[in-house]
Amino acid sequence: MSAQTRPIRHTLMTVILLTCGAVMLITSAAFIAYEYVTFRQLMVRNVKILGEAIAANSTAALAFDNPDDAREVLAAFKAQPHIVAARLYRSAGQLIASYPDGAARGSTVQPLRADGYRFEHGLLSGVQAVVQGGRRMGTLYLESDLGEIYEHFQLFVTIGASIMLVCCVAAYLISRRLQELISRPILALATTAQRVSEHRDYSVRATRPHGHEFGILTDAFNHMLTRIEGDQTKLRSQLSRLDLLHRITRATGERHDLPSVFRVVLHHLGDDLPLDFACMCVYEASP
Amino acid sequence: MGLLRNTAARHLWRRLALLLIAGGLLGAAAPVSEYQLKAVFLFNFAQFVEWPPAALPLENAPFVIGVLGKDPFGAELDEVVRGETVNRHPLAVVRYHSVAEVRDCQILFIAASELPQLEGILTTLKGRSILTVTDAESPAVRGVMIALVRQDNRIRLRIDLQATKTSNLTISSKLLRPAEIVASGS
């Protein structure tokens, strides 16, 4: 069904639903982008706080070269399952302990990297200085997977999709009611126009609906019908006169004496015109 | 001055780091390496122990690490503390021949040579806020606040909390974590 042949109700509902859908999609896209950026920042902040806490607890293990204690400190990462690996290095870069315990992942020598947290290779990795009394005792390196982001987004998308579905249903139900505000006056006008067209009945009038523009349109339509109806009446009257004239002319053409012509004329005038009295005189101009 | 200080600090920490690595690999290492590590430990105690204000040195006075008895460190301890500060106090190493000489001192390492006089030393120091440390391995070291003991080819800390409390010293929980806590007399 093309747009031209589609009923106005469907067109209006399609327009409303498409507008709502587009607005929701744009809004959702903006929210997702905002969430993505803020959640990444939040994740960095959380991992950094965790890293700082573990680093603060690692100072003695580094200062007194105690790998057992260092391993024990790193084992606290168990509480955060998204931390997939952590390594504690002495200040010269040699590994003192790693998490998971005994994991051979990573170098036993700390790679030359600046302190800080960054997203790379599908992980959030952090290089955290271990400082005590203003002195650097070593370096904590940790890696967090992005499962937290994926879990968050899964939840976000599920909730978002549910909200969109509910909104679409609500928009459909509301638009089905509200489209009548526009379609009903137009349909009423169309029905009246159709009736005029089919029955040539110019006496019908469209009901004036609420709303400024529809009121003006209906008034103009009704006014046009009134004008057409008036013109139609005038035309009909003139046609009947012409018909009378035609009949008189034809009747007089068949008569040869003046009194007969006069009688015919008076007869027609008496029959076809609302006359109480009529007379015809012959004027003879004096020679 | 700042540049010199930073350069000195960087140099020192590079050296300390190397010493710590050496400590990790110590095992039956040479005695010199062991004392290099112990010197670093002595220096690090200053980071993890809190002294009462009255026990801290006056402004511009040095924070003193004392060595009582036959000094096993040689030049290592001086090397470790050179250019370093604790709470803006420069660090200094002072050697004492007898406990009577110990005056303004914050950390006192009691050498193994003083083991026979240990009880008398501790009695003299009783009530003073001096962190006593020893590496003498003997049951007689009871009452010394921190003992550096060899265990599984590593140097471990044994801390007598009661002794530190008596001397109004507060040991950071971070230092207590890797240490073995003992009670006086155990």
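**Helices, loops and backbone**

Modeller: The model is predicted. Start with a helix pair: A:L244, A:R247, A:I248, A:A251 and A:T252 of α4(A) are in contact with A:V261, A:V264, A:V265, A:H268 and A:D272 of α5(A).

Biologist: Are α4(A) and α5(A) roughly parallel or roughly antiparallel?

Modeller: Helix α5 of chain A covers residues 258–272. Its axis and that of α4(A) come within 9 Å and cross at roughly 160°. Angles over 145 degrees count as roughly antiparallel. α4(A) and α5(A) are therefore roughly antiparallel.

Biologist: Which hand does the crossing of α4(A) and α5(A) have?

Modeller: Two packed helices are described by the angle between their axes and the distance between the axes. The hand is given as well for α4(A) and α5(A): their crossing is right-handed.

Biologist: How far apart are the end C-alpha atoms of helix α3 of chain A?

Modeller: Helix α3(A) runs over residues 147–199, which is 53 residues. At 1.5 Å a residue, α3(A) should span 78 Å. The computed separation of its end C-alpha atoms agrees: 73 Å.

Biologist: Where is the kink in α3(A)?

Modeller: The bend is about 40°.

Biologist: Which elements do the buried residues of α3(A) pack against?

Modeller: The buried residues of α3(A) include A:F153, A:Q179, A:P185 and A:V196. Residues three or four places apart in an α-helix point the same way, because there are 3.6 residues a turn. The buried residues of α3(A) pack against these elements of chain A: α1 (8–63), β3 (116–120), β5 (135–145) and α4 (212–254).

Biologist: Which residue follows α3(A)?

Modeller: Its phi is positive, near 50°. The residue is A:R200.

Biologist: Which residues does the cis peptide bond in chain A join?

Modeller: Most peptide bonds are trans. Here omega is about 0°. A:P100 sits in the loop between β2 (95–99) and β3 of chain A. The cis bond joins A:Y99 and A:P100.

Biologist: Turn to chain B. Is B:D152 buried or exposed?

Modeller: B:D152 is in the loop between β7 (146–151) and β8 (154–160) of chain B. Its phi is positive, about 50°, although B:D152 is not a glycine. Exposed means over 50% relative accessible area. At 69% relative accessibility, B:D152 counts as exposed.

Biologist: What is the phi of B:N153?

Modeller: B:N153 also lies in the loop between β7 and β8 of chain B. B:N153 is a residue other than glycine, yet its phi is positive, near 60°.

Note on methods:
Residues are numbered from 1 along each chain as its sequence is written. Chains are lettered from A and ligands numbered from 1 in the order in which they are written. This is a predicted model: local features need pLDDT of at least 70, side-chain atom pairs count only at pLDDT 80 or more; totals for chains, interfaces and linings use all residues. Side-chain values use heavy atoms; hydrogens and water are left out. Helices (H or I, at least four residues) and strands (E, at least two) are DSSP runs, numbered from the N terminus. The expected span of a helix is 1.5 Å times one less than its number of residues. The bend at a residue is the angle between axes fitted to the seven residues ending there and the seven starting there. Buried means under 20% relative accessible area, exposed over 50%, partly exposed in between (1.4 Å probe, protein chains only). Contact means heavy atoms within 4.5 Å. Axes are lines fitted to C-alpha atoms, for helices over the stretch in contact, and angles run from 0 to 180 degrees between N-to-C directions. Angles under 35 degrees count as roughly parallel, over 145 as roughly antiparallel, 65 to 115 as roughly perpendicular and the rest as oblique. A crossing is left-handed if the near helix is turned anticlockwise from the far one by less than a right angle, and right-handed if clockwise.
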